[in-house]
Amino acid sequence: MSAILLIVIPLLAAFLSILVKKYSANILLVVSFASVVLLNYIPLEVITIGGFAAPYGINLILDQYSLIALYAVNVLFFLVVAINCAKFKKLSSILLVALAGLNGMILTGDLFNLFVFMEVSGIAAYLMTTTNQKPLATFNYLVQGTVGSSLYLLGLILLYAMFGTLNMQDMAFQISSSGYHIAVTAFPFLLMFIGFGVEAKLLPFNSWVQGILGSSNRLTGPMIASVYAAAIGFVLGRLLTELFVFEGTLLLIVTAILGFSIVAGEAMAFGAKKVREILLFSSIAQAALVALVFLSGFTGLAALLLIANTAGKLILFLITNTATDQLGNDDISTLQGLFVNNKVVGVSFTVAVLNVLGLPMFFGFVLKMNILLEFFQTDHLLWPAVILIVSVVEGIYFIRLLLKLWFKESDLPQVEFEFTLKYVVVVVAALLILFGVYTAPVEQAADDLTAIQYIEGGNL
Amino acid sequence: MMLSMLYGVGIAFFGFVLHTSVAGINRKISGRLQKRYGPKWYQEFLDIFKLLSKRATSHGWIFDFGVIMALGGIIATAMFIPVTNNFLAFPDFDNFFIFAYLIAVGMLGMAMSASGSGNPLASIGVMRALTTMLAYDIPYMVVIVTIIKLTGTSSISGLALYQQAAGNNWFIVALPLGAIVAVLALMAGLGKKPFETYIAPAEIASGPLVEYGGKQLGMLFIMMEITHFIEVSLFVNLFLGGAENIFIFLVKYFAVYTALSLISNVYARFKIDQVVLFFYKWPLLIAIVQGFIAIYLGWVI
Amino acid sequence: MASIELLLIIALASGFLAYLLGRVNRVYGAIVTIVSSMFVFSSLAYFGFTDSLDTTVSILPYVTFQVTYLGMFFAVMITFIYAMVSFFNPMFIKDYKYPGAYSMLYILSMAGVIGVFFTDNFMVMFFFFEFIVWTSMFLIPLGHSRKAAVSYYAFSAVGSFALLFAIFMMREAAGSFGINAGLAAISGTNAIVVFILLIVSAFAKLGAFPLHTWLPIAHGNAPHPFSPVLSGALVKLGAFVAVMALIKITPNSYVIVALDLPLAQYLVAIFAGLSIVFGTLMAIRQDDAKKLLAYSSMSHGGYILLAFSLGSSIGLSGGFYHIVTHALATGAAFLAIAAVGRQTGTTKMSELGGVIQKMPVTYVVYLIAIISMAGIPPMGGFISKWLIFQAVIDKGLILLAAAVFFGSIGSFLYVFRPLAALFLGQEKPQFKGILKEAPVIMLIPMIVLSGMNLVTGIFPNIFLQFINKVIVELGMAPVVLGTYTIQGTNGILDPLQITIAFGIGVVIAFIIFILLKKSKQVGLMDTYTAGNFIYSEELMHYSVDFYAPIERLYEKHTTHVQDMYKSLENKVKEFGNVVKYFFFTNKPEITVFWILIIIGALLWGDLL
Amino acid sequence: MLQYAAIVLIMLGLYGILTKRNVIKIIVSLNILEIGLNLFIVSVGFVDGGLAPIFTSQNATNDLNFVDPLPQALVLTAIVIGVGTTALGLAIAKTIYAKYGTFNLDEMGEK
Amino acid sequence: MKNFLALALSLFIGFLIIMSLRNNVAFPEYGTVNVASRVSQAYLDRDVTENPGTVIFGESVNLESGPANTVTAIVADYRSFDTLGEVTVLFVSSLGVALLLGTKKQKRLEVDFHPNFMLRVGSRALFGIILMTGIYVAIHGHLTPGGGFPGGAMIASSMLLLYLANDSFRAKIKGFKILESAAGSAYILIGLIGLLVGGYFLQNVLDNGTLGSLFSAGFIPIIYVLIGLKVGSEISGVIDNFLTEEGV
């Protein structure tokens, strides 16, 4: 069993599925489930493609880090698909390509190949968002996404011109051994960072988010906010830890961007009046926080935080968008009292929110504490302060939201949640609690991830 | 213990008799000043006895219970008063704060009883009394704090002895600013003009006592006499160096009370909020200034 | 011997049991709260006072414990309030939307209390600290207002995050999360930061000025039985944090020689004084009895902070004792108001009157509670305030003395208002005939608390002796105590003597009363009305704008702090909207523009 | 110079996205950006006097001065990807037109 | 004014970029690239896995990568995986265009222009030539400039010609679909064959032949033909979608 199958099988299925449209939804379901199963049987290794070893050919890196990322992305993807595949039959082939693209992005060890998979999954994402029926927002997403990936490519080419290689690890090695001052890489790194920043929802580059997630449906909401966010986050994390070296002005700019994203994201969520806007703005802040943690070198924790956040977002967007689809809009006043008659869903929603907030007994708490601890141990006092202050703001608007959703006397909104959805959200919520209480594996995983021997270079 | 208690009860009774007499004499003096005869000096006794012997109405158990609590509380407070250096029931235990707060039990009883009458005017009266108290007590307390800080004791008899030991250097002289505040507060506490809105006979229709008659009123009169006795005695002990013997005490007591009565005849009446504003403007400032210069600068004459 | 961890586990387990039983029948869940909280309280008290609490059992991972007098003091006191209040639960449980959740959260928050006060590990402490915040946060919206929970959370979060930050700083200094090690290791500039953070945390939890705005909202709107827990018990978490800040760490701050007090402590004292004054003024003008008591809690929180900030053993002793007496008094008062609220459906004074006619026991409970709260002998409040006065005067703090006395006299005003307007006065016609005394199960805890109020006032030394142990543990000299007397710095107090004197006075007055002619009983409407004929009870009742003359003097200045927070909130929203305006449109150019700017920033920075 | 021209093209593409309000024009600007980028990529591999990296009967051995073939290969991929996004963009433009009846962003009523 | 400012800004940033590249010591100046220091040298020398020494056109046999066109060697062999992704991009975007524009019942887009008979016939004649050229370019991708993508584009342009020249022309989309699917699947299957036989995905397990001959370079011509077909059918599908609209 080779990790290549994670990319190839969905791709093959996608090519074939256009012939058998009737069964395409089933194929999608089977393939996405098969990917999850397959994950259990593939060994950790570096896969060479075409028989040409690393800096010359393309390789796929399957280490602890990408395995965890693959688990997160594939499981989340499967859950989203399991709920939606019947309703979005038309998109089956596209979703299969998206799966291949996301897996490819996570696995690949080649920077240009990464660009290709970024485009594959990006185009699939643009297409998915057309089901929102907001073509303008999709167009906006497409333009920004394309500009972003073009900048990434420009940065990559500059690096190639300087160091003559495209392989991620080789690049890091060449940079560190070239003897040039690190400042020569500042511009390409910034370009690449911006390219990912667009997809990863970092603040000045993310004006597409509002249009896309603010009017998302049951497929696109969880898909973009959860599955894509997870994949992009992991890839950005790998780049930040393995390749990028931020120093001087660049470090200042990047940290300013991330800090601003965190603060402004929470502030915008605080002022938002619609449920999905609250969620999307808060996910902006979270994405920036994850990037910040990666940047600070706490790889394992950042990865787990990313999983916790995206799993939570899956629940939140699934529930919100299901209700929105049935009620017509997502004003808080419309959804008020939603959980009075839907307690199971309500509890899951609450668990997801509390997990994001870092309430004790939840996964998020363990991570938050460990992250703060790491910051303190490396004598960064500013970031914990920022994180804690925005946590207050975050808590206020989320609790305001929760209370609205839980309490209403009469005239309750009537929303039907089908069994699969309930099942999915409950399982995910239960996992969030489980890892909040049983923290040993979490800490183990964080240590394992952080302890991976990366080659020289990068921020570590 | 029981002996001290009986001693204390004696003091309370002494205080009642003393103040009722002094108040009667003062009424006479005021009368003479206003070109009238004025009542007999024992007129107040007569009033009280008459009231006590009358049959009264009652508005329920809290109305009666409040009166008992008021009188009981005041008697208990009076028991701690040191009249002279030797004429006192509980040496060392006559802590200033006991007076400050035990006296409130009596007040509370009276207020409760008045509100329990069901008459809104009585509640208004209580409100006025409490507000006035909030106004005058703070500056007064600040002055007392200054004294306690300077002497290191809060025992009233201890303070009197302190002044005597310092060659009769009374605090009315040593702390002139504080003394002014204390005099003003004492006037308010005794219900003298211009701070008498809450208890003035002319305002009685909306005072705490509006609903009383007969034995309840009589008991409240007793309580008021003893209250005044407590307040004036405290002033004598705190600012006038206490008394070595009963004669000096009587002289000082009479002088203080008469002086205040005479002063108060001159003034018109403040409204309640004016009282609050007045006390928080000058007396409080003076008291704090006095405290600062006495404690931190050591300027004690 | 009893293990704390076992107690904690039992408490947690019974919480879930309460939920399950609460699902079967909501009253069962409430009964579990009684049994569980009584059990926890009595075992803590029994084993605590016989010095046989231990920490041997260790089932839960990471969680380690230590037994300190300080922790025991708080834990026993708070669980006592929990135990007393729990008797109210069965009577109120039917009003809640989520009754099972109520019972569970009630017990869980109590379990959190055990965790906070007995752990020797900062992280565990923070865990349970948050645990309490969250469980209680979910309890509050079961009452009247959802907003209350939000504002409770906001301030609690400020408090707990400040605490967390301080914890991490101490961990960095000490290298471990040990509480004792952390507090001992912090020094220099860091100590100042930690001090400030801990004080912020304490202020937020205690609801001291200027972090007080949540207090009336949360206390006023929480479910009736939970308000006493909040005010009497949970708010005291702040005092615990304050002790850590004010006593256990010593930041290098400038010592004001004239006051013999470090500047840091003095500043805390100033804010405590402001809390006293502000709480008093606000309490005076409240119409809702629960909000009034909430503001009084703020004022009393100020007393506690002030006492701790003075750094003398008499002050500490006063602070600790004030915690006890205020918890008992405010618990009893809140319970009495809760009983009234249950029987009448409202706690607004302007809507009530003459409740005493049908609820005399409740009235007496309230009376005793407010006597204690106002610091009038022979109740506990007098003793604790007396101790605090001693400490304040000993330091010669004139301004703070003025604040303290203002709070003290002011408390006469505000505690009297419900007494007159709610309990006394005319009986409102809408309650005539339907109003009844509270059920016996509710009277039990009220009477017990009243008894405790008396005991704390007459025999304070029972408690002060234990508090002396706490003080010695904190490294201070104990307060000198006689059999019945307390030796202050400038005087000696014999509470028993005062009580006997008071008793004799009352007996004399009673004899006088009984010897005289019997009075004729007349109705409440049969009163002097200056010749007018007023026929309606409502017109014959004085309850609206009770202290109008004094309220008028400051009514324009009551909302400054709320306005400040409101405008802060608006600022955040505005900032969010500005960002939204600048960065979010449906047009792609915004992103491109910012990309150009950022690239420009980098290159400009590198080229120049 | 070619590199600088490519960068100017990229900047012109960005300028177009920055200022143009017409959906089609934005797509064209995107294309200009991509063309500039592709040009830049190719220029990175250029060697003065270099040969096209194809072995022919004239240029038969590998020790000749070939230009860097890798950027050319990358450009090939980049171009195709550009085609894909352009096609998709145009299709979206068409749906936008169907929905709003205009290509001008300012004339669309959407929030 | 706004536009001018935007232009000034973008040109200024462009200037900054140029300046920074000029100042960048690591960035080689135009034309002075040292290919030997890059990975590309290995592609030219074909010595990634073996060491053939000098590579000579028409003589070297069974090199690790067979195409005489080094760019093709990279695109279809060394970095074939990129190409797979690239094909996928095109696949998914054509799918997307169909999703966005395709409806069940379609008719040709109505335009004012009606081609005459000559145009129709002439274009049909041209169609075959362009198609053949396209196929040629695809097949000879490993020897000459060109390859699957240009070839596919040519194939598609021949279809475009038909569409433009005949306002009622509709290609059989279903056929394109099958072609597209089959070609894509075949590409992957070739990759899988490599995985099964050689142990590496997309490994070229066929004989590479002599450098420069038509039947050389193993799978590469096959892959390029597949790509050509796939690209051709996809772009044709896109063209069809753009040139049709809803209706009967």
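Residues are numbered from 1 along each chain as its sequence is written, while chains are lettered from A and ligands numbered from 1 in the order in which they are written. Because the model is predicted, local features need pLDDT of at least 70 and side-chain atom pairs count only at pLDDT 80 or more, whereas totals for chains, interfaces and linings use all residues.

Seven pairs of chains touch, and the most contacts among them are between chains B and C. In this pairing, 74 residues of chain B are in contact with 66 residues of chain C. Several elements of chain B give two or more residues to the side that touches chain C, including helix 1 (2-33), strand 1 (57-58), helix 3 (61-78) and helix 11 (272-295). Helices (H or I, at least four residues) and strands (E, at least two) are DSSP runs, numbered from the N terminus. Helix 5 of chain B provides the largest share of this side, 16 residues. By class, the side of chain B that touches chain C has 45 nonpolar, 21 polar and eight charged residues; Ala, Val, Leu, Ile, Met, Phe, Trp, Tyr, Cys and Pro count as nonpolar, Asp, Glu, Lys and Arg as charged, and the others, Gly among them, as polar.

Strands also link these two chains. Strand 1 of chain B and strand 7 (residues 520-521) of chain C pair in the parallel sense over two bridges, where pairing requires that DSSP finds at least two bridges between the strands. Within strand 7 of chain C, C:Q521 is the bridge partner of B:S58.

The contact between chains A and D takes 19 residues from chain A and 25 residues from chain D. On the chain A side, helix 5 (111-129) and helix 6 (135-163) each supply at least two residues, and helix 6 gives the most, with 14 residues. That side divides into 15 nonpolar residues, three polar and one charged.

Leaving aside neighbours within four places in sequence, C:A401 is in contact with B:M141, B:V142, B:V145, C:V392 and C:I393. B:L121 is found in helix 5 of chain B and is buried because 23 other C-beta atoms lie within 10 Å.

In chain A, strand 1 (residues 45-48) and strand 2 pair in the antiparallel sense over four bridges, and A:V46 has A:I61 as its bridge partner in strand 2. A:N59 and A:I61 point one way from strand 2 (residues 59-62), A:L60 and A:L62 point the other way, and all are buried.

Note on methods. Contact = placed C-beta atoms within 7 Å. Buried ≥ 20, exposed ≤ 12 C-beta atoms within 10 Å, placed from the backbone.
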